[in-house]
Each structure stands twice: as structure tokens, then as C-alpha cells.
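Here is a short report on one protein model. Look over the sequence and the structure first, then read on.

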Amino acid sequence: MPAEELTVVQKCGVCATELGTFTVKKDNMMLMSNETIWCSVCNADQPEVRDLAGRSSAIEEEQGSYASNLPVSEGPRPGRS
């Protein structure tokens, strides 16, 4: 039975620039990192932030499917005096 592989995105912890990707077996995945990574935008070693590829767009898509909030009425509320 083949293990599912996921793509992990490496980002700069300061400017959030995407710096690289790698694939890893789901069983071996570790998103927490204390490592630093070279950021060409910041021109320095910065803390590495890891995230799953496509996760941000999936969150935005899901939030876009939510019903919009109705405006709050300024009138009196039932049951309150």
C-alpha cells in the first residue's frame, strides 16, 4: 500500500515569501521547524515557516462559500428592556 505524499511549502518567517517546496510521506510530515532558511528578499537567514501546498487557497475557498453576515439592527432586542 503506497503512502500518500504531500507537498510542503517553505516560507520566510518575516516577509512570508515562498522560498521552496519539497514532498514528504504523510507519515513522516513535520510542519514545526526551528530551522532558519536563506531569504533572498530579506537578504538574511530567517526563521522557516512550513505549510501544506494549497492549504491557504482551500481556506479562502471555504470562507468564500459561507453565507454573508446580515447587518446588525440598531433597534431594541426582543426580551430586553
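## Overall picture

Of the 81 residues in the protein, 15% are buried. Buried means under 20% relative accessible area, exposed means over 50%, and partly exposed lies in between (1.4 Å probe, protein chains only). The model is predicted: local features need pLDDT of at least 70, side-chain atom pairs count only at pLDDT 80 or more, and totals for chains, interfaces and linings use all residues. Residues are numbered from 1 along each chain as its sequence is written, and side-chain values use heavy atoms, with hydrogens and water left out.

The protein has four strands and one helix. Helices (H or I, at least four residues) and strands (E, at least two) are DSSP runs, numbered from the N terminus. Along the sequence, the order is β-β-β-β-α.

## Surface and contacts

The accessible surface of the protein is about 6,900 Å². Carbon and sulfur atoms account for 50% of this surface. Accessible areas come from the Shrake-Rupley method with a 1.4 Å probe; for residues, only the protein chains shown count as cover.

A contact means heavy atoms within 4.5 Å. Take the contacts with a separation of 6 or more: 37% of them come from residues 24 or more positions apart.

## Gln-10 in strand β1

Where is Gln-10 found? It belongs to strand β1, which covers residues 5–12. Is Gln-10 buried or exposed? Its relative accessibility is 17%, so Gln-10 counts as buried.

Set aside the neighbours within four places in sequence. Gln-10 then has contacts that include Thr-17, Glu-18, Leu-19, Gly-20, Thr-21 and Phe-22. Ile-37, Glu-48 and Val-49 are also among the residues in contact with Gln-10.

## Three salt bridges

Side chains of opposite charge can pair when their charged atoms come close. A salt bridge is a side-chain nitrogen of Lys or Arg within 4 Å of a carboxyl oxygen of Asp or Glu. How many salt bridges does a search of the whole structure find? The search finds three.

Glu-4 lies in the segment before β1, and Lys-26 lies in the loop between β2 (18–25) and β3 (36–39), so the pair ties together parts that are 22 residues apart in sequence. Glu-4 is partly exposed, at 46% relative accessible area. Lys-26 is partly exposed too, at 47%.

Another salt bridge links Arg-50 with Glu-48; the closest N and O atoms are 3.3 Å apart. Arg-50 is partly exposed at 22%, whereas Glu-48 is buried at 7%. Arg-55 and Asp-51 also form a salt bridge, with the closest N and O atoms 3.4 Å apart. Here Arg-55 is partly exposed at 43%, and Asp-51 is buried at 14%.

## Ser-33 and its partners

Ser-33 sits in the loop between β2 and β3. Which residues does Ser-33 touch, not counting residues up to four places away in sequence? They are Glu-48 and Arg-50. Ser-33 and Glu-48 are 15 residues apart along the chain, yet their C-alpha atoms are separated by 6.6 Å.

The side chains of Ser-33 and Glu-48 are joined by a polar contact of 2.9 Å. A polar contact is a pair of N or O atoms within 3.5 Å; within protein, one must be able to donate a hydrogen and the other to accept it, and residues adjacent in sequence count only if both atoms are side-chain atoms. A polar atom of the Ser-33 side chain also lies 3.1 Å from the backbone nitrogen of Glu-35.
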